[in-house]
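This report looks at packing and aromatic contacts, moving from ring pairs to the nonpolar cores and then to a helix and a loop.

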Amino acid sequence: MSSSTNRDSKHLRREVGLLGAFGVGYADVGADIYITVGLATFYAMGAAPLAMALAAIAYALTGLTYAQLAKRYPVAGGSQHFAYVRFGPLHGFLAGWGLMLDYIIDVALFSLASIGYLGFLVERIFGCELLLKNPTYAIASSLLVVLLVVLNLLGIKASSRFNEVIVILSLATLVPVLVLGVVQLSGAMKLEVSAIGNELPYSRFLYAVTISMASFIGVEASTQLAEEVRNAERVVPKAVLLTVATTIPVAILASALLTSIQPLSVKDIQHPLTSLAGRIMHVGPYLALLTSIVSVFLCAASANAGVI
């Protein structure tokens with residue numbers, strides 16, 4: 001490790017553990033699934049799980065690569081540092097700016113998504129569409145970004161703790177939805193891989209695969225805070241692999257369950273997991289409400305991962 005890296009490390013407190021590093025990675029990738037799985041299912045129809053599985057292959061290989069690189073180079077910067085060390089300053093510069101633009105978009109996208117879910121809830125509960133209209137929508141999203149910046153100024157420990165709590169709540173809500181969905185909706189699932197090339201054109205299926213790939217963006221997020229993680233050379237690779245192992249089953253199973261909804265409405269596409277939750281017998285309305293609330297905070301946690 002270079003002397004410059006050692007000097008920089010003195011200014012960073014290693015206050016993040018495995019749960020915190022996993023929380024950053026899962027928040028970034030998991031929130032993508034909340035947005036893209038509906039679109040992927042809309043385009044791939046009964047072949048949606050296959051589209052997700054193909055995208056997951058590239059995602060898993062990328063995750064394994066990041067895990068190995070993070071183990072060898074447990075320093076802040078992630079891809080920027082990897083490119084700098086192996087290919088030189090120009091590649092490191094380009095990778096760094098690419099990551100910066102990526103996370104600017106991430107922060108903007110998921111702050112808007114968070115307020116969008118919140119506006120959906122407010123409209124459903126109170127009949128008020130204020131948060132769904134501009135300029136209120138844009139102002140509220142901008143205020144959320146400001147709040148996240150303030151949270152990070154308080155320190156990585158507070159910011160990481162926020163993500164940890166949200167990720168735990170998200171998984172605690174999502175697991176019952178998926179388990180009950182399998183029990184109650186599996187008989188109605190319409191898995192039709194044979195439709196590719198017949199009812200489902202190849203071009204449409206390949207487009208669904210590209211959308212599915214967007215479900216897995218953000219696996220590198222945990223590597224960005226390596227110098228703030230305790231035992232980073234061990235913990236960060238574990239966090240990356242745990243993120244991959246958690247998000248792949250969620251995405252494939254959610255897309256399979258969504259095939260039971262025929263036809264998909266605009267609402268189903270926009271709020272796929274909420275729609276799934278709402279179809280669970282007896283507890284559906286409560287699970288749908290809880291899933292919507294968790295979606296607000298998970299998208300905020302993803303935006304926070306970008307700020308981190």
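A residue counts as buried under 20% relative accessible area, as exposed over 50%, and as partly exposed in between. Phe 42, with a relative accessible area of 32%, is therefore partly exposed, and Tyr 43, at 24%, is partly exposed as well. The model is a predicted one, and the values below are computed from it.

**Aromatic pairs**

A search of the whole structure finds seven aromatic pairs, and two of them are set out in the table.

| Pair | Centre to centre | Angle between planes | Class |
|---|---|---|---|
| Phe 42 and Tyr 43 | 5.1 Å | 80° | edge-to-face |
| Tyr 66 and Phe 82 | 6.2 Å | 55° | tilted |

Tyr 66 belongs to helix α3 and Phe 82 to helix α4 (residues 79-87), so this pair ties together parts that are 16 residues apart in sequence. Tyr 66 is buried at 14% relative accessibility, and Phe 82 is buried at 6%. Phe 42 and Tyr 43, for their part, form one aromatic cluster together with Tyr 207, while Arg 204 lies over the face of Phe 42, at 5.2 Å from the ring centre.

**Nonpolar cores**

The largest nonpolar core has 75 residues, and those with the most contacts inside it include Tyr 34, Leu 174, Phe 216 and Val 229. Among the helices that each supply at least two residues of this core are α2 (18-44), α5 (89-126), α7 (156-185) and α12 (284-307), and α9 gives the most, with twelve residues. Beyond its neighbours within four places in sequence, Val 229 is in contact with Arg 14, Val 16, Ala 21, Val 235 and Val 236. Apart from this core lies another, of ten residues, among them Ala 44, Ala 51, Ile 196 and Phe 205.

Is Ser 170 buried or exposed? Ser 170, which lies in helix α7, has a relative accessible area of 0% and is therefore buried; leaving aside its neighbours within four places in sequence, Ser 170 is in contact with Tyr 26, Tyr 34, Val 294 and Leu 298.

**A helix and a loop**

Helix α5 has 38 residues and reaches 54 Å from its first C-alpha to its last, which is close to the 56 Å expected at 1.5 Å a residue. The residue that follows α5 is Gly 127, whose phi is positive, near 70°. Another glycine, Gly 197, is placed in the loop between α7 and α8 (202-214) and counts as partly exposed at 34% relative accessibility. Gly 197 and Leu 121 are 76 residues apart in sequence, and their C-alpha atoms are 40 Å apart in space.

How values were computed:
Residues numbered from 1 in each chain as written. Predicted model: local features only at pLDDT ≥ 70, side-chain atom pairs only at ≥ 80, totals over all residues. Heavy atoms only, no water. Core = buried A, V, L, I, M, F, W, Y, C linked by side-chain atoms within 4.5 Å. Buried < 20%, exposed > 50% of the residue type's maximum accessible area, 1.4 Å probe, protein only. Helix = DSSP H or I, 4+ residues; strand = E, 2+ residues; numbered from the N terminus. Contact = heavy atoms within 4.5 Å. Expected span 1.5 Å × (residues − 1). Phe/Tyr/Trp six-rings, centres within 6.5 Å; stacked < 30°, edge-to-face > 60°. Lys NZ or Arg CZ within 6 Å of the ring centre and 35° of its normal.
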